[in-house]
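Take a moment to look over the sequence and the model.

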Amino acid sequence: MGVWTDTPVFLTGHTGFKGGWLSLCLQALGAQVHGYALDPNTMPSLFEVARVADTLASDTRADLADRAALQAALAAVRPTVVFHLAAQPLVRASYADPLGTFATNVMGTAHLLEAVRSVPSVRAVVVVTTDKVYDNREWVYPYRESDALGGHDPYSASKGAAEIVTASYRASFFHAAGAAQIATARAGNVIGGGDWAADRLVPDCLQAFAAQRPVHLRYPGAVRPWQHVLEPLSAYLRLAEALLAQSSHAASAWNFGPDARGDATVGQVAQRLAALWGQGAQVEIPEGGAHPHEAGQLRLDITRARAELGWQPRWSLDQALEHTVAWQRAWLAGEDMAAVSRTQIAAYGLL
């Protein structure tokens, strides 16, 4: 029996893209997954298409702002492990609703950690933030966990603040022997099947290609650490296992990104997707235009994760794109997407 067999897990954000995939992974590993989230915010959604609900031991639909509901749900489950993924996850949406973004990403994290304080069954908590938590100086070298936090846009700033909130709770309330071990995870730009979020490169490309219309790029020269969604999810699982084992220094901040081969510009990724899609796929780069600020250079240093957790990425960028396109084509063909998703999880080697 593995460490996850029959382990009760409390997962916020299970109706989202990453949360849905994590639900599928945990169920495949034998865990009892208890979800807490709002309804899916896209139509279609991975949650519905891949029948994620079938993998859950319980499914609570409520807001992180509802402290009473969150406390009650956590206390009822009495989980061993908590994964906190629920968030407002988009840069451009944060410009439209900065207060909502801060409320969800900062105070929502504080509400969760406050609830954990009164549930003694919890032994490990993984709070998922983002690669955008760093004070981005547009450096060419990758950011390390010890680099300064920051955030130009409300989304990045809210996630940087969530890192500080988590560190404060860890130092103030979870330092005694036997207390829950709490870590944060900073992942790169994730891609994969089942992502229909607005204003994200890969979903925008795939929807445009399927409709046989050109995709228009806003920041073709921006560099991002692209990775398939299963990469950071495998890292979150590895980190939770280290927390459960009370490994030295596991309760801290961690970078999980691709190796240097996963760094590519927006334009390069769009062109590779078009080549994989084939006939009818067109990429256009309009001249000028006013867009909200987004970082130009962003890379993560994953040396510490390799050395101390034994984690490293498995799929190249081309493999990540190939699996993403294959998933989308399978969905368009009306295939069983729960089965397709499980097949991709197995192909990744998580099981």
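Which residues of helix 3 (residues 67-77) are buried? Keep in mind that this is a predicted model. The buried residues are L70, A73, L74 and V77. Look at the spacing of those numbers. An α-helix has 3.6 residues a turn, so residues three or four places apart point the same way. Now look down the axis of helix 3. Its buried residues fall within an arc of 95°, so they line one face of the helix.

What covers the buried residues of helix 3? The cover includes strand 1 (8-12), strand 2 (32-37), strand 3 (56-61) and strand 4 (81-84). Helix 5 is also part of it. On the other side of helix 3, A68 and A76 are exposed. After helix 3 comes R78. The phi of R78 is positive, near 50°.

Helix 5 leads us to a helix pair. Two packed helices are described by the angle between their axes and the distance between the axes. Take helix 5 (residues 98-117) and helix 6 (residues 154-173). Their axes come within 9 Å and cross at roughly 15°. Angles under 35 degrees count as roughly parallel. Helix 5 and helix 6 are therefore roughly parallel to each other. Their crossing is right-handed.

Which residues make the contact? From helix 5 they include F102, V106, A110 and L113. From helix 6 they include Y155, A161, V165 and F173. The residues of this contact divide into 13 nonpolar, 5 polar and 3 charged. Among the residues in contact are also E114 and R117 of helix 5, and K159 of helix 6.

Definitions and conventions. Residues numbered from 1 in each chain as written. Predicted model: local features only at pLDDT ≥ 70, side-chain atom pairs only at ≥ 80, totals over all residues. Heavy atoms only, no water. Axes fitted to C-alpha atoms, helices over the stretch in contact; angles between N-to-C directions. Helix = DSSP H or I, 4+ residues; strand = E, 2+ residues; numbered from the N terminus. Parallel < 35°, antiparallel > 145°, perpendicular 65-115°, else oblique. Left-handed = near helix turned anticlockwise from the far one by under 90°. Contact = heavy atoms within 4.5 Å. Nonpolar A, V, L, I, M, F, W, Y, C, P; charged D, E, K, R; others polar. Buried < 20%, exposed > 50% of the residue type's maximum accessible area, 1.4 Å probe, protein only. Arc of directions from axis to C-beta.
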